[in-house]
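Open the model in your viewer and keep the sequence panel beside it. Each stop below gives a selection and then says what is there.

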Amino acid sequence: MEANRAGVRALWISLWALLLTTALQAVVVVFTSSVALLADTIHNFSDALTAVPLLVAFALARRGASRRYTYGYGRAEDLAGMFIVVVVALSAVLAGWEAVDRFIHPTTVDNPWVLVAAGVIGFAGNEAVAVYRIRVGQRIGSAALVADGVHARIDGFTSLSVVLGAIGVLLGFPLADPIIGLLIAASILVLLWGTVKSIGARLMDAIDPTLVDRAEHALASTTGVHGVRELRMRWIGHRLTGSATIEVDASGLDAATSVAEHAEAHLRGALRNLDDFAITIRCH
């Protein structure tokens with residue numbers, strides 16, 4: 001529950017931070033007519049909206065398991081990730097469309113120095129959100145929050161590309177603005193592919209092998225455990241669940257059960273975001 005509260009708090013703070021960044025950039029778009037900045041503003045707005053499905057997912061995760069959803073509602077985070085993919089893809093299409101339209105119907109970019117300031121604002125807002133989301137995501141074990149934070153960090157550098165477009169305009173190359181707009185749209189699609197792979201891996205129950213190694217080492221290092229077999233783990237939202245069979249050399253059921261309890265305690269010490277974990281005992 002504490003992890004859920006921390007995740008929700010991080011999402012609300014980052015949502016308002018990105019909305020403020022978007023609002024400031026939108027004002028500058030009106031005064032500069034920059035399609036590059038418009039593309040970046042659309043992107044930042046779509047990134048802000050991605051917090052909404054994640055907020056819904058965290059709210060659903062608070063519900064307990066039921067007879068229909070026996071694992072609970074943690075997988076709602078993965079569904080939220082799929083929704084985020086669609087929203088970000090639409091933002092890329094819209095940004096690209098506006099850039100192409102500017103090639104067909106060119107207009108003058110006004111106040112390029114103000115455009116530079118807007119690009120810096122976009123970078124600062126995204127970097128602040130990135131640092132916060134990554135820090136909280138790592139603390140509570142939420143891969144979705146960490147990925148969203150990394151995404152925001154890369155978006156910050158995308159905002160800096162708006163500055164390059166403004167410099168191009170200042171140097172007498174007005175087409176630099178729509179060119180940068182197209183590059184931003186293309187970069188969104190490149191970033192989107194990484195998100196698609198990450199979500200696809202989660203849906204297939206993929207897990208970082210280093211987590212498996214840590215779990216195996218924690219179990220195997222327990223006194224009385226002579227081997228670890230059939231270790232399985234999966235993510236349900238930002239929490240881990242799994243099972244394993246341990247080989248023990250014990251003289252009776254009570255002794256074997258004690259070894260299993262110590263093994264589970266070691267495992268929970270190694271993996272702080274572990275929920276249910278079933279240990280089967282196999283005696284020599």
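Select glycine 227 and glutamate 247; in this predicted model, glutamate 247 in strand 2 is the bridge partner of glycine 227. Now widen the selection to strand 1 and strand 2. The two run antiparallel and are joined by nine bridges. Go to the hairpin they form, where two residues lie between the strands. Glycine 237 in this hairpin has a positive phi near 70°.

Strand 2 (residues 239-248) and strand 3 run parallel, with eight bridges between them. To see the pairing, select alanine 244, which stands opposite isoleucine 279 in strand 3, and then valine 248, which stands opposite cysteine 283 in strand 3.

How many of the ten residues of strand 2 are buried? Eight are, so strand 2 is largely enclosed by the rest of the structure.

Stay with the sheet and select aspartate 275 and arginine 239. Side chains of opposite charge can pair when their charged atoms come close. The side chains of aspartate 275 and arginine 239 meet in a salt bridge, at 3.1 Å from N to O. Aspartate 275 is in strand 3 and arginine 239 in strand 2, so this pair ties together parts that are 36 residues apart in sequence. Aspartate 275 is partly exposed, at 33% relative accessible area, and arginine 239 is also partly exposed, at 22%.

Now select Arg75, Asp205 and Arg234, which salt bridges with shared partners join into one network. Aspartate 205 meets arginine 75 at 2.2 Å, N to O. Aspartate 205 lies in the loop between helix 7 and helix 8 (209-220), and arginine 75 in the loop between helix 3 and helix 4, so their pairing ties together parts 130 residues apart in sequence. Aspartate 205 also forms a salt bridge with arginine 234, at 3.3 Å, N to O. Arginine 234 is in strand 1, and the two residues are 29 residues apart. Aspartate 205, which follows helix 7, has a positive phi near 65°.

Move to helix 7 itself. Its 28 residues should span 40 Å at 1.5 Å a residue, and its end C-alpha atoms are 41 Å apart, which agrees. Among the buried residues of helix 7 are Ile180, Ile184, Ile188 and Leu191.

Where does the largest nonpolar core have its most contacts? Select Leu11, Leu37, Val136, Ile140, Leu145 and Ile184, the residues with the most contacts inside this core of 41 residues. Helix 1 (2-32) is one of the elements that give two or more residues to the core, and its share, eight residues, is the largest. Select leucine 145: its contacts, beyond four places away in sequence, include Leu11, Val136 and Ile140.

Finish at threonine 21, in helix 1. Is threonine 21 buried or exposed? Threonine 21 has 4% relative accessibility and therefore counts as buried. Leaving aside neighbours within four places in sequence, threonine 21 is in contact with Asn44, Ile121, Gly122 and Gly125.

Note on methods
Residues are numbered from 1 along each chain as its sequence is written. This is a predicted model: local features need pLDDT of at least 70, side-chain atom pairs count only at pLDDT 80 or more; totals for chains, interfaces and linings use all residues. Side-chain values use heavy atoms; hydrogens and water are left out. Two strands pair if DSSP finds at least two bridges between them. Helices (H or I, at least four residues) and strands (E, at least two) are DSSP runs, numbered from the N terminus. Buried means under 20% relative accessible area, exposed over 50%, partly exposed in between (1.4 Å probe, protein chains only). A nonpolar core is a set of buried Ala, Val, Leu, Ile, Met, Phe, Trp, Tyr and Cys residues joined through side-chain atoms within 4.5 Å. Contact means heavy atoms within 4.5 Å. The expected span of a helix is 1.5 Å times one less than its number of residues. A salt bridge is a side-chain nitrogen of Lys or Arg within 4 Å of a carboxyl oxygen of Asp or Glu.
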